[in-house]
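Follow the strands first, then the helices, then single residues. Keep the viewer open as you read.

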Amino acid sequence: MSPADRFAQLPALLAADADLLRRGRWLTVDCRIDVGDDPFHLSLRDGALAGLERGPRLMRSTAFSFRATSEAWANYWRPIPAPGWHDVFALTKRGAASMEGDLRPLLQNLQYFKDLLALPRRLPEGS
Amino acid sequence: MAPSLEPMIGRYLKLEIDGVPHRLYVEEAGQGIPLVCLHTAGADNRQFRHLLADPEITRRFRVLAFDMPWHGKSTPPDGWERGEYRLTTQSYTAAIRAFCKAMELYRPAVMGCSIGGRIVLNLAIEHAAEFRALIALEAADFQQPWYDTSWLHRPDVHGGEVSAALISGLIAPHSPPVNRHETLWMYMQSGPGVFKGDLYFYRVDGDLRDKVKAIDTKLCPLYLLTGEYDFSCTAEDTLRTAAQIPGVEVQIMKEVGHFPMSENPAKFREYILPVLAKIS
């Protein structure tokens, strides 16, 4: 399964995490996560995923975007990532990821987003 | 049943730093060689609670861990409300030397982590003869910034929570969850703008590139230990620094991040006990 296919399983992964939903309960935002060449549009409502759309969307507004290479996501989602691949800021520092847009909702809910983006780590390796 | 008390004793030390009265909170345990411990930016002396409670260490060392001014239970100096806190190489060095003098410590060993590690390098550059040994954890002469510190102190973002979330990635994935979250809790409790003020020293004022070449390890032994999961002060940063200092001892700690003493006390113990054995 490709990194993008793994990220496509985010709705079930988040729905199964009551604690993460609790911590995100003040958050409502539309944002974009790119897994390699695959853009995903997330509609977060009160911390829950109201929508996850895969693929380009014409003129789609988004508060912020976070992009990383497929290699970066594949390493980041290993059960025990190697040093330098284990955090989203480790990825940006090494030049394998970037963030753009209005970063305020991201920083206001930073641990939530870090944990959200790490959810595919829970999938069986190789799945 | 007898109360289950840990061995460290906490007290308040009144002293002057650069002519300004301060009241610092300090915990200590053990007897023998004074070992002064310096916490990371935006944190406090609780990071060293496992060392303070380790009989293998306290039977040979008098371990002292104080909260830096503005941190933990050390209140800011009078009039703090009229200015912005900024740690500098000069003020940090002055605080450590004032503490050692006020406590009447004779040639203590000093161990610091992160900003505490960076300032230990400055102690080695400028004041080596005053110390018995210097241990710099997660330290380098310079590190490349990886986020904008202006997010750390503004009304629309919770400073404690964003600080903890940022540094959470510096903890190794192997570290026990209970220690990880205790480490994060300390960051969440920091005063407004204190972490940002500490990073002024780290990012702007404390660039020690070239200066570390002046370190004479014959005057005072220097040990550098860095966790492999620290992407703020990377293993490469520490090794590059060590390469400029003849006689320095350097070690990269496996399965450890930026907060060895608090994120994984058992693992850190494996690395620090041999260093302390050399000092004693």
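Strand β3 (residues 33-38) of chain B and strand β4 (residues 61-66) of chain B run parallel, joined by 5 bridges. Helices (H or I, at least four residues) and strands (E, at least two) are DSSP runs, numbered from the N terminus. Two strands pair if DSSP finds at least two bridges between them. Across this pairing, B:V36 stands opposite B:L64 in β4(B).

The model is predicted: local features need pLDDT of at least 70, side-chain atom pairs count only at pLDDT 80 or more, and totals for chains, interfaces and linings use all residues. Residues are numbered from 1 along each chain as its sequence is written, while chains are lettered from A and ligands numbered from 1 in the order in which they are written. The pLDDT is the predictor's confidence in each residue, from 0 to 100. Chain B has a mean pLDDT of 97, and 100% of its residues reach 70 or more. The model as a whole scores ipTM 0.97 and pTM 0.97.

Now widen the view to the sheet. It is open and has 8 strands in chain B, in the order β1-β2-β4-β3-β5-β6-β7-β8. The pairing is mixed. Its edges are β1 (9-17) and β8 (249-253) of chain B, each of which pairs on one side only. From one strand to the next, the twist averages 20 degrees. Helix α8 (residues 235-242) of chain B packs on the sheet, where it touches β7 (222-227) and β8 of chain B. The direction of α8 makes about 165 degrees with that of β7(B). Such angles run from 0 to 180 degrees between N-to-C directions; axes are lines fitted to C-alpha atoms, for helices over the stretch in contact. Residues are in contact if their C-beta atoms, placed from the backbone, lie within 7 Å.

B:A65 lies in strand β4 of chain B. Is B:A65 buried or exposed? B:A65 is buried, because 27 other C-beta atoms lie within 10 Å. The cut-offs are these: a residue is buried with 20 or more other C-beta atoms within 10 Å of its own, exposed with 12 or fewer, and partly exposed in between, with C-beta atoms placed from the backbone. Not counting residues up to four places away in sequence, B:A65 touches B:V26, B:E27, B:C37, B:N45, B:F48 and B:L52.

B:Y12 sits in strand β1 of chain B. B:Y12 has 14 other C-beta atoms within 10 Å, so it is partly exposed. Its contacts, leaving aside neighbours within four places in sequence, are B:R23, B:L24 and B:Y25.

Next come the loops. Most residues other than glycine have a negative phi. Phi of B:D18 is positive, near 50 degrees. B:D18 is in the loop between β1 and β2 (20-29) of chain B, and is exposed, with 11 other C-beta atoms within 10 Å. B:W70 has a positive phi of about 80 degrees. B:W70 belongs to the loop between β4 and α3 of chain B; this residue is buried, with 21 other C-beta atoms within 10 Å.

Beyond that loop, turn to a helix pair. The axes of α3 (residues 89-102) and α4 (residues 115-126) of chain B come within 10 Å and cross at roughly 80 degrees. The two helices are therefore roughly perpendicular to each other, a label for angles of 65 to 115 degrees; under 35 counts as roughly parallel, over 145 as roughly antiparallel and the rest as oblique. B:T89, B:Y92, B:T93 and B:I96 in α3(B) meet B:I119, B:N122, B:L123 and B:E126 in α4(B). By class, this contact has 4 nonpolar, 3 polar and 1 charged residues. Here Ala, Val, Leu, Ile, Met, Phe, Trp, Tyr, Cys and Pro count as nonpolar, Asp, Glu, Lys and Arg as charged, and the others, Gly among them, as polar.

Chain A has a hairpin to inspect. Strands β2 (residues 38-45) and β3 (residues 48-54) of chain A run antiparallel, joined by 6 bridges. A:L44 stands opposite A:L49 in β3(A). The hairpin has 2 residues between the strands, and A:D46 takes a positive phi near 50 degrees.

Last, the chains meet. The contact takes 17 residues from chain A and 16 residues from chain B. On the side of chain A that touches chain B, α5 (88-93), α6 (104-108) and α7 (110-118) of chain A each give two or more residues. The most come from α5(A), with 5 residues. By class, that side of chain A has 8 nonpolar, 5 polar and 4 charged residues.

Methods: Two residues are in contact if their C-beta atoms, placed from the backbone, lie within 7 Å.
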